[in-house]
Structure formats: C-alpha cells, structure tokens
Amino acid sequence: GYSAEYGEALSSVLLLYTQDEPEQNKTDISIMSVGLGLGHTKKWEKSSLSLNTSYINLAPYQEIIPQNLDWNKPAQTGSGEAVYRYHFNNGIFKLYAAFDAAEFDINQPNINNPIKDKVSLINSNFYVNSSYKGIMFKNWQVLTGFSYGIGTNKTEINADKLHNKENTLFLKYKMSKNLTNDFKLSFGTDFNSTKYYENYFENLGQNFNTGYVSNIGAVYAEGEMLFSRKFAVKAGVRVPNSELIDEVYVSPRVSLAYKVAKYSQFSFAYGEFSQTPSTNYIKYSQFHQFEAENASHYILNYQYYKEGRTLRAELYYKGYDNLIKYSTLLPNYNSVYTNDGTGFAKGLDVFWRDGKSVKNLDYWISYSYIDSERDYKNFPVQATPNFVANHSLSIVTKYWIQDWKSQIGFTNVFATGRPYNNPNETEFMNGKTGSYNVLSFNWAYLLSPQKILYLSVSNILDSKNVYGYEYANNPNSDGIYNRQAVTATADQFFFVGFFWTISSNKN
C-alpha cells in the first residue's frame, strides 16, 4: 500500500531515512569475534564527514565452532563508507559512497552426484548517492538526487565459470507544498537505467552470453487532503514507462485515515502496483518478449499508540496477475515464457509493543497469518509457494538490570511448516516441513558510558530445524526419488563484541 512516489515492487518497499546531522565528533571502535570495525565522525559549523570501515572473516570462528558445511575458504568481506553533509541556508546536501568486496569457497552436497560441487564466489560492489533537500520557488520544497551502483559476481561451479555485472543509475526530482492548511500537493519524476551482462563459460564446452538494458521513466502526482480533524485522504497516480518491455501503465493509489479516538485510528489503502520481471528472466529478453507483473492491494489497518504502548493490526488481500511462467525445471534461454501466472495473498498481521507496564522491561510481539497460492514459475497448478508459513510468531524482550549495568534480551521465533514438492507423490506441493522454532539470548554490559561488551547466542535450545528438502532429478533403481534435507549451515551462532565510542562529552 505504499505511496505513488515509489514503484517497481509488487509487494512492498522499505523506506529508509538518513540522519541530517551527527550529534558530535566521535570515534567508534568495534572488536568482534568475527572481525574488526573502525569509524570516525568530524563535525564543523555547517558540514560533517563520517568514515567507516570493517573487515569480517569467519575462518577463526569456524575453527572453534563446527559447521554443517565443508568450507575450503570461509566467507570474508571488507567494506568502507563515507558520508558528507553540508547545510545551506535553505537546505541540506548529502553525499554517500560505499564499497565492499567478499569471497568464499565451499564444497556443497549435490543430491544428483556423490561428489560434492566446488562452489566459489568473488563479489564486489560500489555504490554512491547524493541528495539535496531544501526550500525553493516560493516555498516549494524540492528533493532531488541521484544514485549509481555497480556490482560484479565471479562464480565458479566445479570447472565452469559464471560472471555477471550490473550497472544501475537512478535519478529523482520531487516538489511538494502545502497549498492550504488542509491540502498538500506532491509531484515528481524519476528515471532508472540498468545494464546487466552475464557470461557462462563451460569447461571444455561452449560460452553463453546474456544481458539486457532497461530504462524506466516515471511521473507521479499525489495530494493529501485533511477534511476534518478526524478524516484524511491521500490519493495519487504513478505512470511508469518501461522501454525494455515497451509498456506504459497507470498505477492509481489511495489511502484513507479516520481517527476514532485520541490515541487510535483506522486506515484503508488500495493500490495498483507493477514491476519489470526479475533479472533471472529478462536477461533472456533477446530471445523472448516479457510484460510487467502486476498486483492489486487492499489493506485495512488499525493503530493505537499511547505512552510507550503500540498496537497495530492489519488485514490485507493482494491479487497477482501477469506473473512469469516458464516450461523448464529452471529458467533458461530456450524456455517457453508466458505472463499467464496468477495468485493471491491474504492474511493478518498483529504487532504489540509495551515499554511502559513493567519498569525497565521493553517487549514486543509480532504475529502473522498468511494464506497464499500462486500459479507461476514452473508450477503445473496453483499452489502455496515454499516460502510461505501460514503462522509466524516472534517475541522480543529487553530488560535493564541497574545493579548489573546490563540489558538482557531473549528472542523467540516460531513458524509453522512450509510446503515442498515431493516427486514421489502424485499431488503437487503436498509435503510440509515440521515447525520452526529458535530461542536466542543476548547480553549487553555497560563497562562505562562509552564502552559496551555484547554477547549473543542464537538457538540456545539447539533446535534442529529443517527448511525443506531437495530431491534428485531422476528416480533410483527402485523408482524412488532420493532426497536431502535443507538445514542451517550451523545450528547455533555465538557472537562477542566490544564497542567503544570516544567523544568529548563522554556519552
């Protein structure tokens, strides 16, 4: 049910906001069981600069804690980022840049082969964005910016090599203004350009090249009207144009909010959403013509907030159409693709947080019920996908113990079983895993106002969770498809970290 300002997502978007100004000059030091981190922030009268770097290497940790996988070279990554901010008289400019590189090498079991597959990956990413937000043109608020990212993956599977590279440029311009005390108008435009290349080199075989260039431009407008102190409406429309799939579509969005009491309100949202099919498919667009995938959202929400207590409950229905279907086990260049897929998702989400009732205790409970079926990918019929658990429950607690200068926390995550397809049965997707449950513990000890020692242990009950099953491509001599369970790389994870902030105010 998100705003007309955003697009290219069927289900939801995650809105992220950056800090306008750091609080003070400071240096941050992190010493962890899996790596090191260092950061420094310098603040001037109108500007600031923050630099951060980290190095993570799981090899020493995995020497101590046994793993369920056969690593040749455990995962390691190095990263760095920089943030620059400058305050003008009527606005703020922000520039962010980040780089990271990672690699690992592993021997992975293959249900179709008694010999493990040797899989290695070298990945690197560079990302930069800038934005300006300020007041211009007779009190119009302007938000403009751009981002650019480049990511590369070099994967080796036994003696075969798979290399891909993606470049993405994004431009944005938005204007908004309160035209009256009761009406706010926003409108803008954005442009997204993606270039993707992939090369597959068979050992002693052929080379295959795929890729695409996707340019998507969009315009949108949205109005917010306050009809009374209790009733408000936000309505808008987004019109994107995708050059790759040669399609222009109109996406209306509307949401209504009604305040039923001092601390609570109901809201309803409806919207049409679309997205270009994923890279797994459109990299073969030189061989096939694709259309955008679509979804319709209907959401009813209730929210209550008062003095440290929050309750949110949400009923929703999402209808999907134009989903991608293909004719083979996995999507390939010679698969037969159509946009004939359909589906739905309906459910209830409930969230309760209370940091008021018990002194020093903060806890929250999240429950989700979902009923979803899709006829997409290579599904022969409409069925529940393997990522759907009908019931999920999460309980998080944090308790401050003053005498110990410590915060103790427990988190429990529970989910009912997820479906999987058993080729030994005639009915599609008729299998279901056992329920999933993980109880985890964390302890933060305040050595001083600027030094924290942190410990966490996941899955303290050592539950043996199964996420699904992989089946062989062909039956054995008895006509049975053999299988292997999909489990965690490690049943438990232990983490210890020391975090030190050095600043002039000693806080």
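The structure is a predicted model, in which local features need pLDDT of at least 70, side-chain atom pairs count only at pLDDT 80 or more, and totals for chains, interfaces and linings use all residues. Residues are numbered from 1 along each chain as its sequence is written, and side-chain values use heavy atoms, with hydrogens and water left out.

Side chains of opposite charge can pair when their charged atoms come close. Here a salt bridge is a side-chain nitrogen of Lys or Arg within 4 Å of a carboxyl oxygen of Asp or Glu. Searching the whole structure gives 15 salt bridges.

One of them pairs K116 with D70, at 3.7 Å from N to O. Because K116 belongs to strand β6 (residues 113–136) and D70 to strand β4 (residues 70–87), this pair ties together parts that are 46 residues apart in sequence. Strands are DSSP runs (E, at least two residues), numbered from the N terminus. K116 is partly exposed at 41% relative accessibility, and D70 is also partly exposed, at 32%; partly exposed lies between buried (under 20% relative accessible area) and exposed (over 50%), using a 1.4 Å probe and protein chains only.

A salt bridge also joins R309 and D354, again 3.7 Å from N to O. R309 is in strand β16 (residues 309–326) and D354 in strand β17 (residues 337–354), so parts 45 residues apart in sequence are tied together by the pair. R309 is partly exposed at 24% relative accessibility, whereas D354 is buried at 3%. Elsewhere, salt bridges that share partners link E5, K172 and K174 into one network.

Note on methods. Helix = DSSP H or I, 4+ residues; strand = E, 2+ residues; numbered from the N terminus.
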